[in-house]
2 protein chains.
Amino acid sequence: MDIFEAMQKRHSYRGPFTNGPVNADDLKKIVSSGLIAPSGCNAQTTEFVIVDDKEIVAQINKMHELNKAMQQARAYIACLVGTDPKPVYQEFSFEVEDCAAAVENMLLAITALGYASVWIDGWLRREGRAASIAEMLNVPDTKTIRILLPIGVPADQSKQPDKKSFQERAFFNKYNA
Amino acid sequence: MDIFEAMQKRHSYRGPFTNGPVNADDLKKIVSSGLIAPSGCNAQTTEFVIVDDKEIVAQINKMHELNKAMQQARAYIACLVGTDPKPVYQEFSFEVEDCAAAVENMLLAITALGYASVWIDGWLRREGRAASIAEMLNVPDTKTIRILLPIGVPADQSKQPDKKSFQERAFFNKYNA
């Protein structure tokens, strides 16, 4: 798929999934897209646990009260950052940025391969959810699940919502000019 | 360009640029790719100042002591986040993640259009550099330049450095299994 088409088609999908499988080769291709995303000082800090074991998937499926994509996902990708990130440039670490860039690459790959997903972040941070899932996946205390991507074949047609206009968010040379 | 090719070709370019122009339509297309990136609760928090005014470009060109791409860029994109971001989901804001996802989309667009760039972040945060550039661009105190992208036509052939292997960073179902 053309890069500009993939960026336009990618959208946060919270609808139902079909019974269509998410095969392991595609999951590898999606995560490989995350591995080649940029990272601060090329430190490649984000790690990934691909979840396609039926019992673990079923356990995670039960956790979200509303989001159908979370309830019906056939696979998940858990994206891990350090619990206490080390500086890589002067006093700064970039693990959050690294993880976000990797996730965007993966969302584009998911779109290009005919699957759908939604970036799950804030929900994980409440009620110990990230820690519960981390325990299922044997994630050590030194790592946190920062972002979770539920993956499946979308049952509904949907598209990217309208975005604010270029003029509202972008300027040439002087802010708000 | 195919999405997987663009992700593979994108790399941090710190080399010299040719005198080739970076035209305004391409800059709009690049920033439009940033506008359609995902953002927490679709809040679309990142704003962009595209710098192609020759005098301002020349001022920024002088700031970096080492990075040729920064010294020779024909244009820049300054990516703005809130100085004091408001929560959009429970107590959380996602402006850093929003900005990083937008930057990754833009880097892929830059690659597909035949330009090159490098994600400038930590350098901006030191010695008041972000604030100096913000002043040139009339950015208000409520916004911070979080990421800067120098853009030009690369004079050198270069490519993405080798990355850690899949096995080193990715696992199926159990961490480190």
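A:Gln44 sits in the loop that links α2 (24–35) to β1 (47–51) in chain A. Have a look at its backbone: phi of A:Gln44 is near 50 degrees, a positive value in a residue that isn't glycine. Why is that worth a glance? Most residues other than glycine have a negative phi. Is A:Gln44 buried or exposed? With 7% relative accessibility, A:Gln44 counts as buried, since the cut-off for buried is under 20%. Keep in mind that we're looking at a predicted model here.

A second residue with this kind of backbone is A:Asn173, whose phi is positive at about 70 degrees although A:Asn173 is not a glycine. You'll find A:Asn173 in the segment after β4 (170–172) of chain A. A:Asn173 also counts as buried, because its relative accessibility is 13%.

Now hop over to chain B and its loop between α2 (24–35) and β1 (47–51), where B:Gly40 is found. At 18% relative accessibility, B:Gly40 counts as buried. What does B:Gly40 touch, once neighbours within four places in sequence are left aside? The contacts are B:Val88, B:Phe94 and B:Asp98.

Time to step back and see what the whole chain is made of. Chain A has 7 helices and 4 strands, and from the N terminus on these elements come in the order α-α-β-α-α-β-α-α-β-α-β. The radius of gyration of chain A is 17 Å, close to the 16 Å that the globule rule gives for 177 residues, so chain A is as compact as a globular protein of that length. Along its principal axes, the C-alpha trace of chain A spans about 55 × 40 × 30 Å.

How much of chain A is buried? Buried residues make up 56% of its 177 residues. As for who touches whom, take the contacts in chain A with a separation of 6 or more: residues 24 or more positions apart account for 80% of them.

Begin with B:Asn105, in helix α5 (residues 95–112) of chain B. B:Asn105 is buried, with a relative accessible area of 0%. Not counting residues up to four places away in sequence, B:Asn105 touches A:Met7, A:Glu104 and A:Leu108 from chain A, along with B:Ser33, B:Gly34, B:Ile36 and B:Ala37 from chain B. B:Pro87, by contrast, is 18 residues from B:Asn105 along the chain, with 24 Å between their C-alpha atoms.

Next, click on A:Phe166, which lies in helix α7 (residues 166–169) of chain A. A:Phe166 is buried, at a relative accessible area of 14%. Leaving aside neighbours within four places in sequence, A:Phe166 is in contact with A:Phe172 and, across in chain B, with B:Lys28, B:Val31, B:Ser32, B:Leu35 and B:Ile50.

Finish on B:Phe171, in strand β4 (residues 170–172) of chain B. Its relative accessibility is 6%, so B:Phe171 counts as buried. Which residues does B:Phe171 touch, not counting those up to four places away in sequence? They are A:Phe48, A:Val49 and A:Ile50 on the chain A side, plus B:Asn176 and B:Ala177. B:Gln72 is 99 residues from B:Phe171 along the chain, and the C-alpha atoms of the pair are separated by 41 Å.

Conventions: Residues numbered from 1 in each chain as written. Chains lettered and ligands numbered in written order. Predicted model: local features only at pLDDT ≥ 70, side-chain atom pairs only at ≥ 80, totals over all residues. Heavy atoms only, no water. Helix = DSSP H or I, 4+ residues; strand = E, 2+ residues; numbered from the N terminus. Rg over C-alpha atoms; globule rule 2.2 N^0.38 Å. Buried < 20%, exposed > 50% of the residue type's maximum accessible area, 1.4 Å probe, protein only. Contact = heavy atoms within 4.5 Å.
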